[in-house]
Amino acid sequence: MRHDAKAYAGTYQGEKAVWLKSGCYEAAVLPEIGGNLIAFRDTEKNYRFLREPAMDEMDSFKAKPIVHGIPVLFPPNRYEDGTFHWNGATYQFPVNEPRTGNHLHGFVHNIPWQVERFSADDAESHVTLALKVNKDHPVYRYFPHAFTIKIRYTLSGLGLLQHVTVRNDGEDRMPCLLAFHTAINAPFAPDSTAADCRFKMTIGKRWELNERMLPTGQYQPLTPEEERMKEGGLSPYFEPMDNHYTAVPQNGRNRMELTDIKEGITLVYDAGTAYKQWMIWNNNATEGFFCPEPQVNLVNAPNLNFPLDPELIGLNSLEPGDLWEETSRIYIKAQSNA
């Protein structure tokens with residue numbers, strides 16, 4: 001089926017962008033601002049699935065590009081005192097969250113990425129972005145490994161597909177810790193309100209966090225409302241959330257579903273099962289957007305001083321030449337009556 005797909009260089013709010021189009025869908029990425037996929041829209045119904053910055057917000061967005069689009073976090077989330085213990089060595093990251101005294105969100109979400117290629121055919125459009133770090137790259141100062149991250153976004157009648165790879169280009173074993181701080185509009189339809197939104201997620205257990213937002217190694221019992229998150233029928237703003245959960249796939253899939261009951265449409269964020277954890281942040285329950293964040297690893301995983309299975313906490317490593325990859329997809333479907 002033809003979808004009149006296109007891929008082209010352009011601008012977004014004055015910034016260099018690559019635009020993808022396929023049928024009713026369009027998307028835009030910002031290679032010079034962390035490779036952020038800043039927009040994913042249904043142009044026929046005027047749905048905007050991701051939170052986008054307005055023109056007068058662009059300066060603040062560029063200063064802190066975390067709560068719009070799909071920012072890339074590598075390594076993700078918080079590290080105690082800015083330290084990162086790995087393979088007998090200790091790396092020192094800048095403490096950029098004074099409130100907790102931690103490093104937050106890594107080094108790749110606010111720096112330029114390279115556009116390797118973009119193209120389209122009758123059915124789909126796609127763009128490949130790459131970040132290649134070596135000894136001459138600024139990231140190497142804090143994360144002393146040679147590696148390449150590539151993200152390929154494909155837009156088609158099946159929605160938006162993300163394929164990410166991380167390759168160890170160096171001579172030593174390296175950690176592979178990754179997440180996406182995905183900012184979902186709720187509501188995403190122009191005539192709907194937050195009261196029309198219900199969501200569900202494939203969460204398992206909730207990690208207990210201390211006053212510095214770091215895991216204690218213990219779990220907290222889920223509240224009745226959190227139990228409902230597994231089945232749906234819950235507002236994404238039911239209470240302030242900055243919560244950390246294990247990811248437990250249902251029916252072989254690891255996903256967040258946001259249903260607009262007024263529109264009768266469900267937005268599905270189907271993250272791959274390699275993401276062992278979820279973070280959920282809803283800006284102190286402020287209506288408008290929330291962030292369901294698929295995350296490979298437990299927060300502060302390299303620094304934990306209590307015994308936990310490396311597989312459980314997602315403390316992945318890559319030997320020289322090894323490659324890690326995963327895919328995710330965002331798409332819509334008619335609301336289920338089940």
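Asp 42 is buried (under 20% relative accessible area, with over 50% counting as exposed and values in between as partly exposed, using a 1.4 Å probe and protein chains only), yet Asp 42 has no salt bridge, and the nearest side chain of opposite charge, Lys 45, is 5.3 Å away. A salt bridge here requires a side-chain nitrogen of Lys or Arg within 4 Å of a carboxyl oxygen of Asp or Glu; Lys and Arg count as positive and Asp and Glu as negative, while His and the chain ends are not counted. The model is a predicted one, in which local features need pLDDT of at least 70 and side-chain atom pairs count only at pLDDT 80 or more, whereas totals for chains, interfaces and linings use all residues. Residues are numbered from 1 along each chain as its sequence is written, and side-chain values use heavy atoms, leaving out hydrogens and water.

What does the side chain of Asp 42 reach? It extends to the backbone nitrogen of Glu 44, at 3.0 Å. Asp 42 also touches Cys 24, Tyr 25, Tyr 47, Phe 49 and Ile 332 (contact means heavy atoms within 4.5 Å), leaving aside residues up to four places away in sequence.

Asp 42 belongs to strand S4, residues 36-42; strands (E, at least two residues) are DSSP runs numbered from the N terminus. Strand S4 is part of an open sheet of five strands, ordered S1-S2-S3-S4-S5 with antiparallel pairing. At the edges are strand S1 (6-12) and strand S5 (47-48), each pairing on one side only. Two strands pair if DSSP finds at least two bridges between them, and two bridges join S4 to S5. Within S5, Tyr 47 is the bridge partner of Asp 42.

The side chain of Glu 326 reaches the backbone nitrogen of Thr 273 at 3.4 Å. Among the residues that Glu 326 touches are Gln 162, His 163, Gly 272 and Tyr 275.

Conventions
Helix = DSSP H or I, 4+ residues; strand = E, 2+ residues; numbered from the N terminus. Polar contact = N/O pair within 3.5 Å; in protein donor to acceptor, adjacent residues only side chain to side chain.
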